[in-house]
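Please look over the model below before reading on. My notes follow as numbered points.

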Amino acid sequence: MAETQHTTSYYAASANPTPSRPPLQGRHETDVCVIGAGYTGISTALFLLEQGFKVTVLEAVKVGFGASGRNGGQIVNSYSRDIDVIERSAGAQQARMMGEMAFEGARIIRERVAKYNIQCDLKNGGVFAAFNEKQMGHLQAQKKLWERYGHTQLEMLDQRRINEVVNTDRYVGGMLDMSGGHIHPLNLVLGEAEAVESLGGIIHEHSTVTRIEQGAKPVVHTDKGQVVANFVVVAGNAYLGNLVPQLAAKSMPCGTQVITTEPLSDELAQSLLPQDYCVEDCAYLLDYYRLSGDKRMIFGGGVVYGARDPANVEALVRPNLIKTFPQLKDVKIDYAWTGNFLLTLSRLPQVGRIGDNIYYSQGCSGHGVTYTHLAGKILAEAIRGQAERFDAFASLPHYPFPGGRLFRVPFTAVGAWYYQMRDKLGF
Ligand SMILES: Cc1cc2nc3c(=O)[nH]c(=O)nc-3n(C[C@H](O)[C@H](O)[C@H](O)COP(=O)(O)OP(=O)(O)OC[C@H]3O[C@@H](n4cnc5c(N)ncnc54)[C@H](O)[C@@H]3O)c2cc1C
């Protein structure tokens with residue numbers, strides 16, 4: 001049965017009040033029709049409205065229903081694959097542009113939060129934690145790489161320093177990015193959606209797009225209505241299904257799971273993460289965690305290829321929580337949920353046009369909170385006719401998954417098993 005509400009997450013339970021938006025009815029005209037009200041869609045809509053475009057957003061369920069309303073809330077800079085890969089696959093000019101943009105998404109989030117006064121528990125500081133010297137070497141190389149593109153605020157943490165910011169004995173060191181940080185992800189997108197409406201944008205919930213009719217003026221169809229537009233932006237990411245078959249063939253939805261403890265005492269919370277930074281480790285299938293505004297531990301990890309919902313999320317994630325923080329072994333888990341992100345074979349986002357007037361961005365492959373905000377900006381620039389930065393992303397190759405739609409899950413799982421073994425054995 002199709003879902004009609006947010007998943008039962010801590011975020012849905014602590015969401016700021018928000019209006020419910022009526023489904024699309026009848027035929028309407030606009031400049032840009034956006035499909036999907038996650039960060040990509042809402043960020044694009046907001047940039048376009050700020051530049052005077054008329055925008056209608058169609059959302060299948062509720063604003064923030066997808067990954068944007070249920071993620072780990074970690075503001076992680078750069079892309080899921082780093083700039084050295086782009087340097088090798090795309091050349092110096094593109095790498096320079098993408099390298100310069102790698103930290104822009106976090107700036108956009110902070111500007112939005114300040115400009116529209118969005119209450120989303122924004123905190124500064126994100127840590128990458130290393131289990132071994134090899135991973136420390138990778139972090140050092142990454143710091144050097146990012147510094148070449150002008151991002152100089154990173155600090156390496158030795159064992160003593162990492163123990164000051166994370167109270168666990170699992171790590172040998174790490175790297176701190178003070179331009180990273182964390183947010184209540186659903187409240188961020190809800191606040192941005194209100195900003196869209198404050199500028200005259202229209203958002204329809206419970207309005208699943210069933211068909212896009214291509215042409216000089218594309219028509220976007222739902223069961224009860226149509227939107228005729230000059231441009232369409234496809235921003236359905238891992239929840240898009242097969243609406244645009246050429247996008248579905250080159251990406252794979254994957255599930256990742258999150259649990260949230262009961263509120264911790266101030267003392268306990270402070271002893272675990274004294275500076276209130278968020279943390280992600282350097283394993284291939286990484287764990288990510290942080291404190292919520294009301295001092296719960298929000299802990300995520302694991303990947304289910306093909307986005308099947310695991311039967312018992314708590315049983316899957318809790319062992320890693322306890323391994324990291326044995327201090328939490330008697331703490332109750334109040335919420336557990338799963339959500340889908342979209343994996344691409346290169347782990348770089350897929351950006352492009354279908355015909356002249358249908359734009360898309362998808363597939364941030366796990367790290368998407370910052371990239372999707374940048375995506376909104378570059379899509380809006382391209383629609384306005386300034387496509388230089390959009391083209392830097394759009395010219396990256398999009399590969400189909402080996403095995404096609406039928407065998408891509410087992411093929412990818414075997415690859416991931418190999419990397420997991422490498423992490424376990426430390427080579
Ligand atoms: C559990 C989890 C934890 C994560 N943690 C982090 C993290 O800590 N840091 C980080 O950087 N990234 C994280 N990510 C990734 C990040 O959340 C995503 O990359 C990002 O939110 C994607 O945003 P989006 O707008 O592209 O897609 P989504 O937020 O998924 O939005 C797509 C929207 O489109 C709608 N839609 C789809 N099809 C249609 C249609 N046919 N008609 C109308 N509407 C449609 C959906 O209902 C949905 O609301 C996480 C992801 C998950 C799932």
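1. Residues 24 or more positions apart account for 76% of the contacts with a separation of 6 or more in the protein chain. Two residues are in contact if their C-beta atoms, placed from the backbone, lie within 7 Å.

2. This is a predicted model: local features need pLDDT of at least 70, side-chain atom pairs count only at pLDDT 80 or more, and totals for chains, interfaces and linings use all residues. Residues are numbered from 1 along each chain as its sequence is written.

3. The protein chain has 14 helices and 17 strands. These are DSSP runs, numbered from the N terminus: helices are H or I, at least four residues, and strands are E, at least two.

4. The C-alpha trace of the protein chain spans about 60 × 45 × 45 Å along its principal axes. Of the 427 residues, 48% are buried (20 or more other C-beta atoms within 10 Å of the residue's own, C-beta atoms being placed from the backbone).

5. Now the helix pair. The axes of α2 (residues 39–50) and α12 (residues 369–383) come within 8 Å and cross at roughly 40°. Axes are lines fitted to C-alpha atoms over the stretch in contact, with angles from 0 to 180 degrees between N-to-C directions.

6. Which residues of α2 and α12 make the contact? On α2 they are Y39, T40, S43, T44, L46, F47 and L48. On α12 they are V369, T372, H373, A375, G376, K377, L379, A380 and I383.

Conventions
A residue is buried if 20 or more other C-beta atoms lie within 10 Å of its own, exposed if 12 or fewer, and partly exposed in between; C-beta atoms are placed from the backbone.
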